[in-house]
Amino acid sequence: MEYGLFTSIIHAIVIASTPLVFAGLGALIQERAGVLNLGIEGLMIVGALAGFASALAGYPLIVSVFVAAFAGSALASIFALLVLRLYANPVATGLALTLFGLGLSALAGSQYVGQAAPQVAEWIIPGLNHIPVIGRAFFSHDPLVYLSIVMAGTMWWFLTKSRAGLILRAVGENHSSAHSLGFSVIGIRFLAILTGGALAGIGGAYLTLVQTPLFVEGMTAGRGWIALALVVFASWRPFRVIAGAYLFGGVSIVQLHGQALGISIAAQWLSMLPYLVTICALVIIASRVKGENSAPGSLGITFKESK
Amino acid sequence: MNINKIICRFVGLCLTALIALPAVADKTKVGFVYVGPVADAGWTYEHDQGRLAVEKKYGDKVETVFVESVSEGPDAERVIAQMAADGANVVFTTSFGYMNPTLKVAKQFPNVKFEHATGYKRADNVATYSSRFYEGRHVLGLIAGKMTKTNTIGYIASFPIPEVVRGINAAYLAAKSVNPAVKFKVIWVSTWFDPGKEADAAKALIDQGADILMQHTDSAAPMKIAEERGIYAFGQASDQAAYGPNAQLTAIIDDWAPYYVRRVGDVINGSWASTDTWGGFDTGMVALAPYGKAVPAEVKKMADEARKAITEGRLHAFTGPVNKQDGTPWLKAGETADDGTLLGMNFYVEGIEGSLP
Amino acid sequence: MIFVEARAVTRWYHEWIAVLIALLLTVATASALLASLGLDPVSSLHRIFIRPLTSVYGVSELLAKATPLITIGVALALGFRAGVWNIGAEGQLVMGGLCGGAVALAFWGIDGFWVMPLVLLGGTLGGLVWGAIPAFLKVRFNANEILVSLMLTYVAILLLSVMVHGPLRDPEGFNFPESRLFHDAATLPKLFSAGRGHIGFIFAILFAVLGTWVVKYWHLGFEMRVTGLSTSAARFAGYSRDRTVWMALLIGGAVSGFAGVVEVTGNIGQLVPNISPSYGFTAIIVAFLARLHPLAVIPAGLLVALSYLAGEAAQLSLGVPAATTQVFQGLLLFFLLGTSLLVNYRIRLGRVV
């Protein structure tokens, strides 16, 4: 190869982690608004199918990303309706959403099996890509990788610097107080769910457009669950979602390379590593910073408007 | 129409449903239990192609039913039994994990015939069948050995079961026979189906110098990655040229149609008996996809000759001298492996690096 | 406009009306879809939902399928009431199956009345340990139990895979990844002559009753619920958050582990790489469908189990793909969850009063 192995590994890690970054951010924005949505897996797979179908139909990448985001939002709106307006239990509704999304995508997606999407071109960042080692590893990727970082930055700015973000956090921390201050708890949560659905949809689409890139039913293979865990890992902070995703993706990729280099440990043990490392990292972080990493106060609690 | 009327109508509908009776069919009913979705473009897809071949061949004389995505755990027994209870005359259970459930159900339904794929337990009404995919792997190994520039073949494996180990050994021995410098790098992904992880493994192998990929997992993701990276790969279970028009050198195709058509015919005319079928090129159960554009004429010729020799019984993929990985002798010069050892193969042959998980 | 207002009094039949409406909505949607596929809705629905229940065999299989869902559902209902998010019941179930199965294999061929209890104990302990890890990490290091219990699920599944591909493999099994078949002394007795319904279902019912008792009369149940509702109230009352975390996860782990060993010894009869089609996750739905009431977990578990059986029946007799049945399961759950609103609220048409 023209690049060193180390560079190639980092490059692969970035790609393997990007779906987790998008989906993790999608879960995060909802959870900061107090909504626990366990349906990320279902949102991802529907986005994966929608984005893939759009790319196959010949639309450019940007359109496919929007289609995937829209599909994710559309499915998420079912969740929003049930949880916000009909006061359905969010945990069970999220799980039902996963079932529904997996079934729906399998049903609609069977016609796309055996087809391949066009390759997504890399956007090489001029100048930066000539930096030795990291130039190739970080600055010659498809546009969605950069988008994922920009999204995390935007979300960080939104949550910490903007007034709207402050309101969203207030709703997540204590919805009764936010309500009595005159904010529309339902409205804000609805928007958060739609945004989260869109991001999870893009995360799924990244799989079918860049990482794999093909569509088969059930291909998210549990990534929605990992994304949910990463939000906890990140203690509900956007940039830490990137850190968590890259850690998880990193260990996953490195163990594959370790095998190819001839490490003699049963593969199942190595496959456990990403999960174990994430747990260990969480324990180290959580035991150091007491208190500040707790979940939003109203997370998963149904808000009922009292008249 | 008001709400009450609608509700009345549906309650009525439910009540009628309670007493309605199903129709009885007098055709030969053939059941299939699939481990994956029909649309998996691999293992289950090919079994379903076999089912369709049965329908096409016997037309009105048969009725086929199937249940897809039946997990190999506790659900299998129920689905198999339900098929038998629903009047199936013969049930094909198409994954190894269905072995004991199939036998249990067979005991309860002595008049129904069962056919279990890739297992080793039989009964009066349970036959087993499998394919000698390793014969196909031998040909793949020859092509790979000839065509690799980096002398590194990447192999994406699922779980260390004999079937997979056999495939790695067969491919390696064949590649080594035409290219003594060849090396195999094996990654076990510990899953049969995770396109993302399979793609990651493919990239890892390519980054470590592999220029030809083989796989024993169920998705076409590695083929697609090979296409993008401009290297070569072999399709698994199905022809995957759609995913890798330039990359696919050939593919092992599991062609279950000849077997299914024959066995269902036996059921129809009453000559079915419990047998153990392990068919290779000779029975048509293992087939190869058309060679890719990149395969040079002399390699094609060599591959075709090997295939012919295997079909005619002149060549065995495991012919001595072969040592096990630790150097202990396994096959003496000219000796061929017996089916028992092959069936339970749990060791690498000499020359493969790394250890079996 | 449609308005929702809280009921002044909630009566027992409101629950049933809500469930009935949800079922009717599902039947209506299913009928419409079946009709659009050119199938007769009446006979099709009969084949899917009713026929599986018209034989002893069918009922027996339904109970077998519902057993782990109810068992785990009860344990999760207790834990969720306490606000402890044990998402990893699946892993605890797998560890239960693995450890219990390992005990059964260790005593393979040895008869004795004590073998079965030992096997069950082994499985329960396996699940208990797997539940204790997130509890310990939460109490000692403040590590969130959602992440730890979920990640441990994947670890447990891989651990089972290592074991059945290696040490616990059937010595006469040609190196295939399956254990020996358990001998009779390590197999749970059946309930009926047909099907696989086993006495594990009786245990499940007992758990549900016991769970109800814990919630209603035992002080611990009250303590857990208070801690779940409000941390500050609990602190005021002198209840320990740590104790609640421990209890919730230990109960969840032990009972899920028990469900796992019951599944392998009652239903499967050996260790295989996949012992659970996501029972541990489905049980979360069951627990919430029952609105975390242990007794209500029984009908909820039976209903969800029936939806799986119906899905297979639909594939078999109507030839619809598995994905369709998955979509319908999702819809059924949406309807059930959405109409739960009607229990505590009533819908008014017209203008605001």
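Colleague: How far apart do the C-alpha centres of domain 1 and domain 2 of chain B lie?

Modeller: In this predicted model, the C-alpha centres of the two domains of chain B lie 28 Å apart. The domain assignment places residues 28-131 in domain 1 and residues 133-255 + 285-343 in domain 2.

Colleague: What makes domain 1 and domain 2 of chain B count as being in contact?

Modeller: The criterion is C-beta atoms, placed from the backbone, within 7 Å of each other. By that test, 10 residues of domain 1 of chain B are in contact with 14 residues of domain 2 of chain B. On the domain 1 side, helix H2 (residues 43-58) of chain B gives the most, with 3 residues. That side divides into 4 nonpolar, 4 polar and 2 charged residues.

Colleague: Which residues does B:Ile187 touch?

Modeller: Leaving aside residues up to four places away in sequence, B:Ile187 touches A:Leu256, A:Gln259 and A:Ala260 in chain A, and B:Ile156, B:Ala157, B:Ala201, B:Ala204 and B:Leu205 in chain B.

Colleague: What supplies the side of chain B that touches chain A?

Modeller: In this interface, 30 residues of chain B are in contact with 35 residues of chain A. Strand E7 (183-188), helix H7 (195-207) and helix H8 (221-229) of chain B each supply at least two residues of that side. The largest share, 9 residues, comes from H7(B). By class, the chain B side has 15 nonpolar, 6 polar and 9 charged residues.

Colleague: What is the make-up of the side of chain C that touches chain A?

Modeller: Here 34 residues of chain C are in contact with 37 residues of chain A. Two or more residues come from each of helix H5 (115-141), helix H6 (145-165), helix H11 (279-289) and helix H13 (322-339) of chain C. H13(C) gives the largest share, 11 residues. The chain C side divides into 25 nonpolar, 9 polar and no charged residues.

Colleague: Why are strands E2 and E11 of chain B described as standing at the edges?

Modeller: The open sheet of chain B has 6 strands in the order E2-E1-E3-E4-E5-E11, with parallel pairing. Strand E2 (62-67) and strand E11 (276-279) each have a single partner strand, so one side of each is left without a neighbour in the sheet. Neighbouring strands of this sheet are turned by 15 degrees against each other on average, direction ignored.

Colleague: Why is C:Phe49 called buried?

Modeller: C:Phe49 has 22 other C-beta atoms within 10 Å; the term applies at 20 or more, so C:Phe49 qualifies as buried. C:Phe49 is found in helix H2 (residues 41-50) of chain C.

Colleague: How far is C:Phe49 from C:Leu39 in sequence and in space?

Modeller: C:Phe49 and C:Leu39 are 10 residues apart in sequence, and their C-alpha atoms are 15 Å apart in space.

Terms used: Residues numbered from 1 in each chain as written. Chains lettered and ligands numbered in written order. Predicted model: local features only at pLDDT ≥ 70, side-chain atom pairs only at ≥ 80, totals over all residues. Pairing = 2+ DSSP bridges. Helix = DSSP H or I, 4+ residues; strand = E, 2+ residues; numbered from the N terminus. Axes fitted to C-alpha atoms, helices over the stretch in contact; angles between N-to-C directions. Contact = placed C-beta atoms within 7 Å. Nonpolar A, V, L, I, M, F, W, Y, C, P; charged D, E, K, R; others polar. Domains from an automatic or database assignment. Buried ≥ 20, exposed ≤ 12 C-beta atoms within 10 Å, placed from the backbone.
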